[in-house]
Amino acid sequence: MTDAALPPEPGPAGTPPVDGTAWRRLHRVTPLLNAWKIAAALVVILVIQGLDDLLRIDLPVLTLVLILAGVILVATLIGLTYSYFAWRRTEYAITTEAVVQRSGIFFRKERVARLTRIQAVEVTQPILGRIFGFAGIKVESAGGAEANMSLAYLTMDEASDVRNEILARAAGVDIDSVEDADLEGATSPAEVADAVVGADGVTAPAVDGAAPTGPAKPANLANPARPARPAGRRLAPEAPEHQVFALPAGRLVGSLLAHGATVGVVLGVTGVVVGGLLSGGGEWIFSSLFGLLGAVGFLWSRFSTEFNFRVATSPDGLRVRHGLLETKARTIPPGRIQALTVLQGPIWRRFGWWRARLTLASQGTSSDGTETSDVLLPVGSSDELIMLIRLAVPELEDEDLPVLQAGLTGIDDGEGWVPSPRRARWLDPIAYRRNAFRVLGSVIALRKGRIFRELSIVPHERTQSLGVTQGPLERRLRLVSFTPHSSGSIEPSLPHLDAGVAAQLLVEQAERARSARRSAGPERWMHRDEAADGAAPEPAAGAAPTASAEVGGPPQP
């Protein structure tokens, strides 16, 4: 049983109340799925440490095989024992305020992910999980990688229910007061947004760029194919979704063949083989080729990770699915994207391909050692790119599209872009005409790079701080580099901007960011607190933006 109720325990000070909330355990198969990792690590360590000593002893082959089998058996028993007690000591609860997890055998640890701070919810199925029908849940929360929470493993149906419940409560939907027929007949995200109109304190979110439809009521979809809900706990529905992008496998393979790493591997292999033939050293060829495995591993990792990449929209936000061996389905709620970066290399330019990355306040490596994905578009055309950018930043208007297009391919001051001054050519003779910024109603956009093009977009309300830097050569030419800092792994910057223009931009952008934060929507995107109308919302991550200068001396106008 995956939902065993545990008696409530008092939490430490500051923990959201969990009294009366049933604690839940992970599925009982979890120790089996985790034990092999511990066993494999122990076997590798023991074999590396003792293999040389065993080979020096004159033992029959059968004895060596039995010793190795015994090592594997002992490592498996140790892994199973540790995994079992770790499973027994792990429990989680979903309250109206947070997701809480308690774990640890000798040292107890409690993680609290407040619903207003959740950045994404991901359902992960490793290859063994896909075979046996199990999945893990990763809850990404603002505050760095250590704030991310992993709930593994659950049955696939239970993992979907947990994800839906977390997203529904994070949106402000009171699933405890839901009627099963509220959304009966709704088959698209837009219909869901319309169907939930009417309940107290809930607002239907914008879907596919549409404006919010006003007060809304909680949603629940009855699905006769799903098992009956456990007694005492209501199941939140999985909101319908509308797929907007699917990456063809052929395009993914073509993009990897046209990647710089592939070109480097081909040139490296050619050089090693030719050099080895000329020198007659076969061992030198082998040792040199071994160094190229890193590039091959990178290409395989990108192929297996981005295979079957799909993006869909739903009332819960953007849903991104991908993976060949290990599949992941990630849901990013509205308003969580901190910044976007668009990239294009010189080889991809011939095919008109672009790559887009996004960053959340939770971006980084989780406590379980897994990387959080930051890909919005692995490879796509400019039209697909613009479409996904508008879904990620729905505040963009139709009149902003020519500005974005100029940000992708333009130079100089077309469409209102403010470029670097002509004197910047002494520091960057190739790209100075392309380096520019543009302020729109809801975002600030920075573009740079002539050979490797880059476009960064930062929503005003997600700006955490602003800074300018100035080196000795820039100071002589009255230039500075401007940076709008945001949470996450993306660090947008614009080099060689006029010092006077940058000083004015610094002050004006700080005011725009403060104003945008005051008028931003609630963190619970389907909840409207009428008593708090006009009050400043809780920031999504970090403090209010501040302006700072890191220069070798005061910028010269």
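Is Trp 353 buried or exposed? Trp 353 is buried, with a relative accessible area of 13%. The views below come from a predicted model.

**View 1. Phe 303 and Phe 307 form a tilted aromatic pair.**
A search of the whole structure finds six aromatic pairs. In this one, the ring centres of Phe 303 and Phe 307 lie 5.6 Å apart. Their planes meet at 55°, so the pair counts as tilted. Phe 303 is buried, at 19% relative accessible area. Phe 307 has 25% relative accessibility and counts as partly exposed.

**View 2. Phe 351 and Trp 353 form a stacked aromatic pair.**
The distance is 4.7 Å from centre to centre. The angle between the planes is 20°. Phe 351 is partly exposed, with 45% relative accessibility.

**View 3. Tyr 84, Phe 85 and Trp 87 form one aromatic cluster.**
Three residues take part here: Tyr 84, Phe 85 and Trp 87.

**View 4. Arg 251 and Glu 384 form a salt bridge.**
Side chains of opposite charge can pair when their charged atoms come close. The count for the structure is 18 salt bridges. In the bridge between Arg 251 and Glu 384, the closest N and O atoms are 2.8 Å apart. This pair links distant parts of the chain. Arg 251 sits in helix H6 (residues 249–257). Glu 384 sits in helix H11 (residues 382–392).

**View 5. A salt bridge between Asp 412 and Arg 433 joins two loops.**
The closest N and O atoms of Asp 412 and Arg 433 are 2.6 Å apart. Asp 412 lies in the loop between helix H12 (401–409) and strand S16 (418–419). Arg 433 lies in the loop between S16 and strand S17 (436–439). The pair therefore ties together parts that are 21 residues apart in sequence. Asp 412 is partly exposed, with a relative accessible area of 25%. Arg 433 is partly exposed too, at 32%.

**View 6. Glu 511 and Arg 518 meet in a salt bridge.**
The N to O distance between these side chains is 3.6 Å. Glu 511 is partly exposed, at 37% relative accessible area. Arg 518 is also partly exposed, at 48%.

**View 7. Glu 241, Asp 316, Arg 319 and Arg 321 form one network.**
Salt bridges that share partners join these four residues: Glu 241, Asp 316, Arg 319 and Arg 321.

Notes:
Residues are numbered from 1 along each chain as its sequence is written. This is a predicted model: local features need pLDDT of at least 70, side-chain atom pairs count only at pLDDT 80 or more; totals for chains, interfaces and linings use all residues. Side-chain values use heavy atoms; hydrogens and water are left out. Rings of Phe, Tyr and Trp (its six-membered ring) pair if their centres lie within 6.5 Å; planes under 30 degrees apart count as stacked, over 60 as edge-to-face and the rest as tilted. Buried means under 20% relative accessible area, exposed over 50%, partly exposed in between (1.4 Å probe, protein chains only). Helices (H or I, at least four residues) and strands (E, at least two) are DSSP runs, numbered from the N terminus.
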